Amino acid sequence: MTWTFYQAGALHETVFAFPLFLVEPIIPFGGIVVLHGPKTAGKTQFALTLAIAVASGSLFLHEYQCQSGSVVFVEADMTAQTLQSRVQSAPGTRALHFLHADPFDIVHVARTRPLPEGIVLAQAQCPALLVVDSLRKTNVHDEVNSSTPTLVYESWKRLFPHSTLLFIHHDRKKPTDPNAYLHPEEAARGTGAWLDDADTGLHLTRQRETKYGHICTLTFSKCRTAEEPPPMVLKMHDESLLIEPTKPTARQSLVAWKTDNPIATREEARTWFADQKIGGRALCYRLVAEIW
């Protein structure tokens, strides 16, 4: 546990060693992210897509700028051969580091000395992003107990103190009542503290199979650092199996409008954005400031 006391006015002048965001403005650098959804929603492919964007410092889902950094992908939920088949299809995954392991208890591992060689090698990469697939396979504690998330998150932070941590998690079982509805904030399995203690919650749900293949919807079950972004309909690329938007994003729409209206002012852009109803006020102002 770290205690930092700032004298009056000192916090205003503090220069931190790391940027504010890993993925602007939805994922803070060094923060905790829970990516949850039902089986077959595409969570692992979504995480790989984000990992590639961070490793390359590019736009995630054509919308969110990533800070470039090293990525370690911890896989304990599928065989190494299955993981290999996923990454061989995806351009950009050669830039990622992978740590494959049998299911383990991170609380026990964090207290073990010496640390397992795989953890030491992962630490040596100084990852900006550490993806853990999955929460269920990397701890043995009661996931319904509200104290478990703090215990698990602190154990990972003890090993990777400066990394942004992304945990792949499962949703609760689907209610038997066909009319029942779970809000995204309540969909993640186990105690609500998994999301309460996180900075960002990403909820991925799969739509019915369509002629376009695997279609899913991204909603934000939590976003501590920004106004909740609008839902985004996504698809899985036929060849790479990576996740991409099914239609132009808010950024792409605004860039196209600016191309058609090269002398438009920021205020005119904001008015157009609001009229199109493609995002909230915070997203509008951020994109206009970045593009103009």
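The legends below describe close-up views of a predicted model.

**View 1. The open sheet of nine strands.** The strand order is E7-E6-E8-E9-E3-E10-E11-E12-E13, with mixed pairing. Strand E7 (97-100) and strand E13 (243-245) are the edge strands, each pairing on one side only. From one strand to the next, the twist averages 25°.

**View 2. The pairing of strands E10 and E11.** Strand E10 (residues 200-206) pairs with strand E11 (residues 215-223) over seven bridges in the antiparallel sense. His203 has Thr219 of E11 as its bridge partner.

**View 3. Helix H6 on the strands.** Helix H6 (residues 148-159) lies across strand E3 (32-37), strand E6 (71-75), strand E8 (129-133) and strand E9 (164-170). The helix runs at about 145° to E9.

View 4. Thr191 sits in the loop between helix H7 (184-187) and helix H8 (193-196). Its relative accessibility is 12%, so Thr191 counts as buried, the cut-off being under 20%. Apart from neighbours within four places in sequence, Thr191 is in contact with Glu143, Val144, Asn145, Ser146 and Pro149.

**View 5. The crossing of helices H10 and H11.** The axes of helix H10 (residues 266-276) and helix H11 (residues 281-291) come within 10 Å and cross at roughly 140°; the two helices are therefore oblique to each other. The crossing is right-handed. H10 contributes Arg266, Ala269, Arg270 and Phe273 to the contact, and H11 contributes Leu283, Cys284, Tyr285, Leu287, Val288 and Ala289. Of the residues in this contact, eight are nonpolar, two are charged and none is polar.

Technical notes:
Residues are numbered from 1 along each chain as its sequence is written. This is a predicted model: local features need pLDDT of at least 70, side-chain atom pairs count only at pLDDT 80 or more; totals for chains, interfaces and linings use all residues. Side-chain values use heavy atoms; hydrogens and water are left out. Helices (H or I, at least four residues) and strands (E, at least two) are DSSP runs, numbered from the N terminus. Buried means under 20% relative accessible area, exposed over 50%, partly exposed in between (1.4 Å probe, protein chains only). Contact means heavy atoms within 4.5 Å. Axes are lines fitted to C-alpha atoms, for helices over the stretch in contact, and angles run from 0 to 180 degrees between N-to-C directions. Angles under 35 degrees count as roughly parallel, over 145 as roughly antiparallel, 65 to 115 as roughly perpendicular and the rest as oblique. A crossing is left-handed if the near helix is turned anticlockwise from the far one by less than a right angle, and right-handed if clockwise. Ala, Val, Leu, Ile, Met, Phe, Trp, Tyr, Cys and Pro count as nonpolar, Asp, Glu, Lys and Arg as charged, and the others, Gly among them, as polar. Two strands pair if DSSP finds at least two bridges between them.
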